[in-house]
Amino acid sequence: MIKRVYISLILTVMAVTASAQQVRMPSHAADERLAAIEKVDLTRHLPDITSRELKAFAPDDVVATANDMLSLARTFIGLRYRSGGSTPKGFDCSGFTSYIFAQFGYDLKRSSREQYRYDGEEVDKMQVQPGDLIFFKGRNSRSSIVGHVGIVVDGDPVTGEITFIHSACSSGISIDTTTDPYYAKRFVGVKRVIK
């Protein structure tokens, strides 16, 4: 998605460059203008692009499925955490993701570690879409072992901040972000299952 944005911005710069070359200027002024255009930081335009425009690159059926999944997931907000739970009586983290995805025909592995290892394709943090799985280390942030999983609600393509819904030991089904220090230092990666 980001690549497409960059391509669009590069084409705009090329069009400006072409029009600058058609204007008759003293050669040194044209060279200075061209040098200034080449130094334009394309990333400064990214904040003007809304996440909705970026998500438009996802196929409609993927967007619809993700929205339906998240609507279902939100109905459980406030439900208590239950170790080993995988039903609406109570969920652990992977029990929650497995249950939600199963309602839409996706069979995920049962543990967060196995979901990270076997389910979906890895996605860059800056290109997340609603419905992606997001993974974290467990309580020990120094460990390299995946110990927690949630479902992406939204992602900011500029800052990389990701909002996700999950079943947390402390708060049950809740929504958090990767800017929370606890999750920021435990972030492992994102996998895409819905295609």
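Which residues form one aromatic cluster? They are F136, F164, Y182, Y183 and F187. Before I go further, please note that this is a predicted model.

Let me stay with F187 for a moment. The charged end of K125 sits over the ring of F187, 5.1 Å from its centre. There is another arrangement of this kind at Y116, where the ring has the charged end of K191 over it, at 5.3 Å from the ring centre.

In total, the structure holds 12 aromatic pairs. One of them is F76 with Y99, an edge-to-face pair with 5.9 Å from centre to centre and 85° between the planes. F76 is in the loop between helix 4, residues 60-74, and strand 1, residues 86-87, while Y99 belongs to helix 5, residues 93-102, so this pair ties together parts that are 23 residues apart in sequence. Is F76 buried or exposed? F76 counts as buried, because its relative accessibility is 13% and the cut-off for buried is under 20%.

That brings me to helix 5. Helix 5 is mostly covered, with 8 of its 10 residues buried. The buried residues run from C93 through S94, G95, F96, T97 and S98, and then come I100 and F101. What caps the N-terminal end of helix 5? The cap is D92, which has a side-chain oxygen 3.5 Å from the backbone nitrogen of S94.

Now the strands, with strand 6 as the reference. How many bridges does strand 6 make with strand 5? Strand 5, residues 146-155, pairs with strand 6 over 4 bridges, in the antiparallel sense. Within that pairing, G155 has I162 of strand 6 as its bridge partner. The two strands form a hairpin with 6 residues between them, and in the turn G160 has a positive phi of about 85°.

Strand 6 also pairs with strand 7, residues 172-177; these two run antiparallel and are joined by 6 bridges. Here H166 is bridged to S174 in strand 7. Strand 6 and strand 7 form a hairpin as well, with 3 residues between them.

Terms used:
Residues are numbered from 1 along each chain as its sequence is written. This is a predicted model: local features need pLDDT of at least 70, side-chain atom pairs count only at pLDDT 80 or more; totals for chains, interfaces and linings use all residues. Side-chain values use heavy atoms; hydrogens and water are left out. Two strands pair if DSSP finds at least two bridges between them. Rings of Phe, Tyr and Trp (its six-membered ring) pair if their centres lie within 6.5 Å; planes under 30 degrees apart count as stacked, over 60 as edge-to-face and the rest as tilted. Buried means under 20% relative accessible area, exposed over 50%, partly exposed in between (1.4 Å probe, protein chains only). A charge sits over a ring if NZ of Lys or CZ of Arg is within 6 Å of the ring centre and within 35 degrees of the ring normal. A polar contact is a pair of N or O atoms within 3.5 Å; within protein, one must be able to donate a hydrogen and the other to accept it, and residues adjacent in sequence count only if both atoms are side-chain atoms.
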